[in-house]
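Thanks for coming, everyone. Let me put the structure on the screen and walk you through it.

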Amino acid sequence: MRVKGGTVRHDNRKRILKRAEGYFGSRHRLYKTAKEAVLKADAYSFVGRKENKRNYRKLWISRISAACKANGTSYSKFMHGLQLAEIKLNRKMLSEIAANDEKQFAELIKKANEAIDNSTKA
């Protein structure tokens, strides 16, 4: 007697078609095209998760840069000054400070500039 694998196969098809709900045309009706669409969607979402991280970093940098320009310095000089002053804040936190607490950010810029001045004197 042969094994037909009925329930397992049926469950797999159901799972793929369930994930393809809302897709256009035959992509949500036919198993073969639905499977292709789901595989492609998984690939795109994997890439998208990596892109998200890049996009957020760009956003944080542009926010910090705008706040630096408003305080009369450049982004690169500011970041170099923070490094010299051994202030270890990541870009996400720096952008939050820049957006929500301008006085605190001005203090950070002042400390960064002092660190740059001290390093050039030595």
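This is a predicted model: local features need pLDDT of at least 70, side-chain atom pairs count only at pLDDT 80 or more; totals for chains, interfaces and linings use all residues.

**A salt bridge, a core and a helix**

What does Arg19 form a salt bridge with? The partner is Asp42, and the closest N and O atoms are 2.5 Å apart. This pair links distant parts of the chain. Arg19 sits in helix α1, residues 6-19, while Asp42 sits in helix α2, 23 residues apart. Asp42 is partly exposed too, since its relative accessible area is 32%.

The count of salt bridges comes to 2. Lys18 and Glu21 form one through their side chains, at 3.3 Å from N to O. Both Lys18 and Glu21 are exposed.

Now go inside. The largest nonpolar core has 13 residues. Which of them touch the most other members? They are Ile64, Phe78, Met79, Leu82, Leu94, Phe105 and Leu108. Helices α2, α3, α4 and α5 each give two or more residues to this core.

Take Phe78. Setting aside residues up to four places away in sequence, Phe78 touches Ile64, Cys68, Thr73, Leu94, Phe105, Leu108, Ile109 and Ala112.

Next, helix α5, residues 102-121. Its 20 residues should span 28 Å at 1.5 Å a residue, and the end C-alpha atoms are 29 Å apart, so the two values agree.

Which residues of α5 are buried? Phe105, Leu108, Ile109, Ala112, Ala115 and Ile116 are. They cover an arc of only 120 degrees around the axis, so they lie on the same side of α5. The general rule is that an α-helix has 3.6 residues a turn, so residues three or four places apart point the same way.

Look at the other side of α5: Lys103, Asn118 and Lys121 are exposed there. The buried residues of α5 pack against α2 (31-70), α3 (75-84) and α4 (91-100).

Last stop: Ser95, in helix α4. Is Ser95 buried or exposed? Ser95 is buried, because its relative accessible area is 0% and the cut-off for buried is under 20%. A polar atom of the Ser95 side chain lies 2.9 Å from the backbone oxygen of Lys92. Leaving out neighbours within four places in sequence, Ser95 is in contact with Trp60, Arg63 and Ile64. Ile64 was also among the residues Phe78 touches.

That's the tour.

Conventions. Residues are numbered from 1 along each chain as its sequence is written. Side-chain values use heavy atoms; hydrogens and water are left out. Helices (H or I, at least four residues) and strands (E, at least two) are DSSP runs, numbered from the N terminus. The expected span of a helix is 1.5 Å times one less than its number of residues. Buried means under 20% relative accessible area, exposed over 50%, partly exposed in between (1.4 Å probe, protein chains only). The arc is that of the directions from the helix axis to the C-beta atoms. Contact means heavy atoms within 4.5 Å. A nonpolar core is a set of buried Ala, Val, Leu, Ile, Met, Phe, Trp, Tyr and Cys residues joined through side-chain atoms within 4.5 Å. A polar contact is a pair of N or O atoms within 3.5 Å; within protein, one must be able to donate a hydrogen and the other to accept it, and residues adjacent in sequence count only if both atoms are side-chain atoms. A salt bridge is a side-chain nitrogen of Lys or Arg within 4 Å of a carboxyl oxygen of Asp or Glu.
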